[in-house]
Amino acid sequence: MKLQTDFSKIMNSQLFHVLKNTVEELSVEAFVIGGFVRDFILKRKQKKDLDIVVLGSGIDLAKALQIKLPGAKPVQIFKTYGTAMIHWEGLDIEFVGARKESYLPESRNPKVTPGSLSDDQNRRDFTINTLAISLNHSNFGAFIDPFNGLEDLKNKILRTPLDPNVTFSDDPLRMLRAIRFSNQLNFTIEARSLQAISKNRSRMNIISMERIVDELHKILVTPKPSIGFTLLEKTGLLKFILPELIALKGVEEIEGQSHKDNFYHTLEVVDNLCPNSDNLWLRWAALLHDIGKAETKKFKHSAGWTFHNHEFVGAKMVYKIFKRLKMPLNEKMKFVQKMVLMSSRPIVIAEEQVTDSAVRRLVFDAGSEIEDLITLCEADITTKNHQLFKRYHNNFKLVREKIIKVEEKDHLRNFQPPVSGEVIMQFFGLYPCREIGIIKEAIKEAILDGEIPNKNEAAFERMKEEGKRLGLTPHEKSI
Ligand code: ATP
Ligand code: MG
């Protein structure tokens with residue numbers, strides 16, 4: 001891809017002119033730096049943040065600029081970090097004083113002292129993130145690239161500006177960032193930097209779970225997350241994040257029978273899913289859909305390799321994993337659990353001559369998530385046998401058709417009991433008791449079995465029959 005190194009278009013914009021004038025008025029020096037410059041050169045869709053490093057007070061520059069930008073929101077000041085931010089025309093402009101950092105082994109938060117531009121560039125994670133453009137009158141628009149970051153952008157290489165062992169040990173989050181950038185940008189991590197990641201892997205212990213999960217999410221939303229997860233595994237970082245996935249690695253053979261490598265299978269499923277769903281949580285479900293297989297793996301003479309009940313075990317593991325990663329234990333987690341738990345259900349329907357009743361039960365249990373579940377199952381097809389691949393996909397097409405048919409008839413997706421508990425109580429003159437539950441369950445079962453339609457009248461008749469069977473008599477007013 002051709003890089004874009006002519007900055008005149010942005011330098012001539014209103015914002016950069018105002019910036020230049022303000023920088024001059026305050027007699028400070030300032031530079032645009034980092035992700036904005038990198039993404040401009042790569043012609044990536046510009047994100048909404050613009051980082052400006054200042055030799056002097058970033059807060060003062062932000063305040064002076066805010067007054068001159070029509071419609072700019074008040075300056076937000078982050079005292080602890082000495083940074084300031086202006087929100088203007090959908091852009092977050094962040095100002096930070098140039099800094100020099102020194103680290104203590106137990107923390108990734110450094111001691112910070114004011115520094116030069118070059119100090120500030122030294123402390124950055126990758127050469128491609130050190131690129132700066134001058135906002136100063138004397139050399140407005142000059143490109144400052146002390147580490148040949150432009151060359152690395154051309155060659156698609158991630159390299160730390162200083163000794164990678166120091167860079168990664170100082171702030172091990174950079175190891176995850178390396179892998180994430182490699183995945184996002186399709187860049188190669190230079191050999192010495194890659195080795196340093198492996199070497200410093202135990203430094204993962206000082207990164208907060210929130211930051212780890214942030215990076216995992218950025219990997220998961222790329223078009224091909226397997227790139228990131230393969231690197232996480234190869235460098236040994238995955239062990240600190242999701243050891244359960246590593247437990248899926250490997251193939252065992254007994255009596256000439258082997259099973260597939262469920263680690264690589266899992267990554268393939270995640271990749272397969274990506275073109276068909278942007279839903280981050282469905283991608284999580286793909287990542288964890290076979291997570292219970294390590295614990296449930298058994299070899300049986302008669303049946304070969306089995307993973308009996310792995311979906312159930314897996315769904316329970318989802319909770320533990322989310323908890324350990326400090327991810328919210330909310331409806332998103334429940335969705336992932338549900339997908340894992342149900343991940344084999346549609347296969348049964350695809351494989352056999354099924355009754356409408358089995359389809360109805362699947363739709364009933366999956367509810368509004370039926371679409372996502374089938375999409376996940378389709379991604380789960382990783383056979384390399386073309387014939388089988390085609391047949392399995394075709395089977396799911398049929399499953400989708402069956403679901404539509406059943407849905408048209410019975411509307412089971414968001415099932416509401418057609419006869420309520422209140423109606424039952426009134427009809428038989430009951431107070432709350434277990435018979436009401438029994439009757440409701442009988443009606444639901446009759447609908448799912450296709451004995452009666454999901455309609456009020458038919459359900460009412462079934463209620464009467466079921467009441468009779470239970471020895472109930474209609475209340476006088478009901479007759
Ligand atoms: P993205 O916004 O896609 O995550 P980015 O490069 O803009 O990419 P930010 O987290 O916004 O990343 O950080 C802005 C800049 O700050 C980076 O380009 C990099 O120069 C620097 N930076 C961010 N995090 C670190 C870090 N942990 N160590 C060193 N430098 C960092
Ligand atoms: Mg950024």
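Let us begin with Asp 51, which is located in strand β2; helices (H or I, at least four residues) and strands (E, at least two) are DSSP runs, numbered from the N terminus. This is a predicted model, in which local features need pLDDT of at least 70 and side-chain atom pairs count only at pLDDT 80 or more, while totals for chains, interfaces and linings use all residues. Residues are numbered from 1 along each chain as its sequence is written, chains are lettered from A and ligands numbered from 1 in the order in which they are written, and side-chain values use heavy atoms, with hydrogens and water left out.

Leaving out residues up to four places away in sequence, Asp 51 touches Phe 31, Val 32, Ile 33 and Glu 94, where contact means heavy atoms within 4.5 Å. Between Asp 51 and Gly 71 there are 20 residues in sequence and 20 Å in space, C-alpha to C-alpha.

I turn now to the sheet. Seven strands make up an open sheet with mixed pairing, in the order β3-β4-β5-β2-β1-β8-β9; two strands pair if DSSP finds at least two bridges between them. The edges are held by β3 (76-78) and β9 (143-144), each with a single partner strand, so one side of each has no neighbour in the sheet. Strand β8, residues 132-134, is joined to β9 by two bridges and the two run antiparallel; Ile 133 is found opposite Phe 143 of β9.

Strand β5 has two partners to describe. With β2 (residues 49-55), β5 pairs in the parallel sense over six bridges, and the bridge partner of Ile 52 in β5 is Phe 95. With β4 (residues 83-88), β5 pairs in the antiparallel sense, again over six bridges, and here Met 85 has Glu 94 as its bridge partner in β5. β4 and β5 form a hairpin with two residues between them, and Glu 89 in the turn has a positive phi of about 45°. Why is β5 largely enclosed by the rest of the structure? Five of the seven residues of β5 (residues 91-97) are buried, so the strand is largely enclosed.

Next, helix α4, residues 58-68. Its buried residues are Gly 58, Ile 59, Leu 61, Ala 62, Ala 64, Leu 65 and Gln 66. Their cover includes α2 (14-25), β1 (29-33), β2, β3, β4 and β5. At the start of α4, a side-chain oxygen of Ser 57 comes within 3.3 Å of the backbone nitrogen of Ile 59. This is a polar contact, that is, a pair of N or O atoms within 3.5 Å; within protein, one must be able to donate a hydrogen and the other to accept it, and residues adjacent in sequence count only if both atoms are side-chain atoms.

What of the nonpolar cores? A nonpolar core is a set of buried Ala, Val, Leu, Ile, Met, Phe, Trp, Tyr and Cys residues joined through side-chain atoms within 4.5 Å. The largest has 131 residues, and those with the most contacts inside it are Phe 95, Phe 229, Leu 232, Leu 242, Trp 284, Leu 288 and Val 336. Helix α15 (residues 280-288) gives the largest share of this core, eight residues. A second, separate core has six residues, including Ile 33, Val 53, Ala 98 and Ala 132.

Nine of the nine residues of α15 are buried, so this helix is largely enclosed by the rest of the structure. At its start, a side-chain oxygen of Asn 279 reaches to within 2.8 Å of the backbone nitrogen of Trp 281. Beyond its neighbours within four places in sequence, Val 336 contacts Trp 281, Trp 284, Ala 285, Leu 288, Val 318 and Phe 322.

Finally, the ligand. Ligand 1 is surrounded by 16 residues, the closest being Arg 38, Arg 124, Asn 129, Asp 171 and Arg 174; a residue counts as near if one of its heavy atoms lies within 4 Å. An N or O atom in the side chain of Arg 38 is 2.6 Å from an oxygen atom of ligand 1. For Arg 124, a polar side-chain atom lies 2.9 Å from a ligand oxygen atom, and for Arg 174 one lies 2.7 Å from a nitrogen atom of ligand 1. Of the 580 Å² of accessible area that ligand 1 has on its own, the protein covers 82%, by the Shrake-Rupley method with a 1.4 Å probe.

Key. Buried < 20%, exposed > 50% of the residue type's maximum accessible area, 1.4 Å probe, protein only.
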